[in-house]
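I opened this notebook to record, entry by entry, what I looked up in the structure. The sequence and the model come before the entries.

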Amino acid sequence: MSAASAAPATTESRSPETWSRRREWISYGRRNPTLVAGLTIITVIVVFGLLAPFIIDQDATRTTAFSKDLPPSLDHPLGTDSFGRDMLALIVVGTPQTVKIGLIAGFMALIIGSALGFIQGFYRGPIGTSVRGVTDVTLTIPALLILITVASQVRQVTVESMAIIIALLAWPGTTRAIGSQVLSMRERAFVPIARFNGMSGMEIIFKELMPNMLPYLGASFVAAVSTAILFAIGLEVLGLGPQTTNTLGMTIYWSQLHSAVIRGLWWWWLSPMVVIVTLFIGLFLISHGLDELANPRLRRRV
Amino acid sequence: MSLGYLLRRVGMFLLVIWVAASINFVIPRLARGDPIQAQFAQLETLGIRTSGMDQVVAAYKKRLGLDRPIVEQYFSYLWNVARFDFGPSITYFPAEIGRLIVQRLPWTIGLLTASTIIAFIVGNLLGALLGWPGSSRWVKWLVPILMPLSAIPYYLLGLILIFTFAFTFKLFPLGGAYSTGAKIELAPAFTLDIFYHSILPALSIVLSVTGFWMLGMRGMMVTNMGEDYMIMAEAKGLSPLRIFLRYAMRNAMLPQVTGLALTFGGIIAGSVLVEVIFDYPGMGWILWYAIRANDYFLIQGIVFVLVVSVALAMLVLDLLYPFVDRRIVYVRR
């Protein structure tokens, strides 16, 4: 090891190492197909969302762009809705918006949630207890219901403001998951050793605990994103979403409002739903795969 | 059960309710100066006008007493909420919000209790079979079917169910809780009608929740299989069925009961949306109506009652838990 790292990294000395690392990744991927499948699904959706604006004509999402209620055909692969908008274009425009809500809210929830989780798991005494109390109370109150109260008061939400409102209520799950992991990790031998070496609490959290928690943090982030999207679509279906933005949830809301199900306009509600379900399954597989990575006891026991 | 635990748990319950009530008090006052004027200004811009609007405004002015100091407002608000007195609804004026909610509550409780219990039993049984080495192969096939279903929100599953079974095959009604024009009475025919209407909404909850319990139970079973008492039970020559039910499943189920308390909030929130999709006349339905009519005080009342129901269910489950798991009692002392 010392020879490879001490010598200036030439291509000859690095390539076998990268090769073996790549082989390691591939062989791990084979052992954890759940994670690979989930990552593939999400990557496809994200790439699709990034590329699509260049391929699809944005004008097709304007109302009365086409005739109303057309079933899927060659011109409109996913048909048109009762506003005369092309469904394929709507989905293409809506998917990144929904993913965006999930990412903003999920990231904020991860920051808030893991900060409180580390505090609650690591510190004993009044600080830990009070954070735990706040988390327990917040966990008991169904977040979606409070979101409904807030959103019905704010009314005119945008994608960004909705994401922030959601983030303020989506963190307790992360706090609980991270908190319980930290609680068990702080009992391990390396924590007192670090303390004897004169590390402060903060240093132990960032230098000793954080690296060990990475898979859990990853799983918590995915869980937070999926919770945030679930809340967002819930609010949107109730009509509390961003009225002027075409997210996937808003598309379902409009189809509900125009009784698309009982009018037989299946392409209107089914198209956004297929994307949503694929998104949830992808996220679910990733978090399951990360669980397996973090918790080897679960690996291939059954 | 120790008295200290009981007191702590009841204290927690009261704390949750107090926080929820305070959130309801703060939010409208945070947004704008005068909550009444703001509400009615919003109603006017939306073009919603109830006849005798002045009467409603006067009733609310008197009720909220906005000219009094804020602390006084807060305590009179808490006193009202403690008696479940939420004042009159704007859209249904002068009907009391409390009475509107009481009419809707039984539908939601019935639908939720039935589907939660069914999902809990079926999911745990399937999960236990999955983690049991002696169970047949076909059980393993359930994982790839139920796992994706547990990743789908219930209300979206509901849309698929309505389209398939109600719209395309016309096997079930499109929505509602009973046939239009049915006489509401305690007769077998009417009960059957209610049951028939509740199958699809209940199924959409059951299908997606079952997978969740199944996965949790499987993990628990696997961890339990290696325990000493399992080997002991086998060595004693007990029948496999007895080992499965009394030793493996009973012990694996205990954490699941705690899980039930923790997921209850999510189930309630999700079922609100199921009711919207199925036009089911419970709390979710009236909440949707209130949101569309911008009846903020009605929304507030519904949300508060739902929060209290969730907290109450969790309290009851937590207090019953020591009776299910005797080890807890020992630890608490």
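Which residues does R9(B) touch, not counting residues up to four places away in sequence? I found L315(B), D318(B) and L319(B) as its contacts on that count. I note here that the model is a predicted one.

**Entry: R9(B)**

I placed R9(B) in helix α1 of chain B, which covers residues 3-31. I then looked up its surroundings: R9(B) has 15 C-beta neighbours inside 10 Å and therefore counts as partly exposed. R9(B) and M314(B) are separated by 305 residues along the chain, and their C-alpha atoms are 9.8 Å apart in space.

**Entry: I101(B)**

My next residue was I101(B), which belongs to helix α5 of chain B, residues 97-131. Is I101(B) buried or exposed? I counted it as buried, because it has 22 C-beta neighbours inside 10 Å and the cut-off for a buried residue is 20 or more. Leaving out residues up to four places away in sequence, I101(B) touches G301(B), I302(B) and V305(B).

**Entry: chain B as a whole**

I turned to the secondary structure of chain B and found 13 helices and zero strands. Read along the sequence, the pattern is α-α-α-α-α-α-α-α-α-α-α-α-α. Of the 333 residues in chain B, 37% are buried. Among the contacts in chain B with a separation of 6 or more, 72% join residues 24 or more positions apart.

**Entry: positive phi in chain B**

I looked up two residues for their backbone angles. K170(B) is not a glycine, yet its phi is positive, at about 55°. I located K170(B) in the loop between α7 (154-168) and α8 (188-225) of chain B. K170(B) has 9 other C-beta atoms within 10 Å and is exposed.

D279(B), also a residue other than glycine, has a positive phi near 55°. I located D279(B) in the loop between α10 (240-278) and α11 (283-293) of chain B. With 17 C-beta neighbours inside 10 Å, D279(B) counts as partly exposed.

**Entry: where chain A touches chain B**

How many residues of chain A are in contact with chain B? I recorded 34 residues of chain A in contact with 44 residues of chain B. On the chain A side, the elements that give two or more residues are α5 (126-140), α6 (143-154), α10 (201-237) and α12 (266-294). That side of chain A consists of 25 nonpolar, seven polar and two charged residues.

**Entry: helix α5(A)**

I checked the length of α5(A). Its 15 residues should span 21 Å at 1.5 Å a residue, and the end C-alpha atoms are 21 Å apart, which agrees. I then asked which residues of α5(A) are buried. They include V131(A), T135(A) and T140(A). Seen down the axis of α5(A), the buried residues fall within an arc of 165°, so they line one face of the helix. On the other side of α5(A), I noted P126(A) and T129(A) as exposed.

**Entry: α7(A) and its partners**

I examined α6(A) against helix α7 of chain A, residues 159-170. Their axes come within 10 Å and cross at roughly 145°, and the crossing is right-handed. From α6(A), the contact is made by A143(A), I146(A), L147(A), V150(A) and A151(A), and from α7(A) by I165(A), I166(A), L169(A) and A170(A).

I then examined helix α4 of chain A, residues 87-122, against α7(A). These two helices pack at an angle of about 40°, with their axes 8 Å apart. The crossing of α4(A) and α7(A) is right-handed. The residues of α4(A) that meet α7(A) include Q97(A), K100(A), I101(A) and M108(A). Among those that α7(A) gives are V159(A), E160(A), M162(A) and A163(A). I recorded 12 nonpolar, one polar and two charged residues in the contact of α4(A) with α7(A).

Notes. Residues are numbered from 1 along each chain as its sequence is written. Chains are lettered from A and ligands numbered from 1 in the order in which they are written. This is a predicted model: local features need pLDDT of at least 70, side-chain atom pairs count only at pLDDT 80 or more; totals for chains, interfaces and linings use all residues. Two residues are in contact if their C-beta atoms, placed from the backbone, lie within 7 Å. Helices (H or I, at least four residues) and strands (E, at least two) are DSSP runs, numbered from the N terminus. Ala, Val, Leu, Ile, Met, Phe, Trp, Tyr, Cys and Pro count as nonpolar, Asp, Glu, Lys and Arg as charged, and the others, Gly among them, as polar. The expected span of a helix is 1.5 Å times one less than its number of residues. A residue is buried if 20 or more other C-beta atoms lie within 10 Å of its own, exposed if 12 or fewer, and partly exposed in between; C-beta atoms are placed from the backbone. The arc is that of the directions from the helix axis to the C-beta atoms. Axes are lines fitted to C-alpha atoms, for helices over the stretch in contact, and angles run from 0 to 180 degrees between N-to-C directions. A crossing is left-handed if the near helix is turned anticlockwise from the far one by less than a right angle, and right-handed if clockwise.
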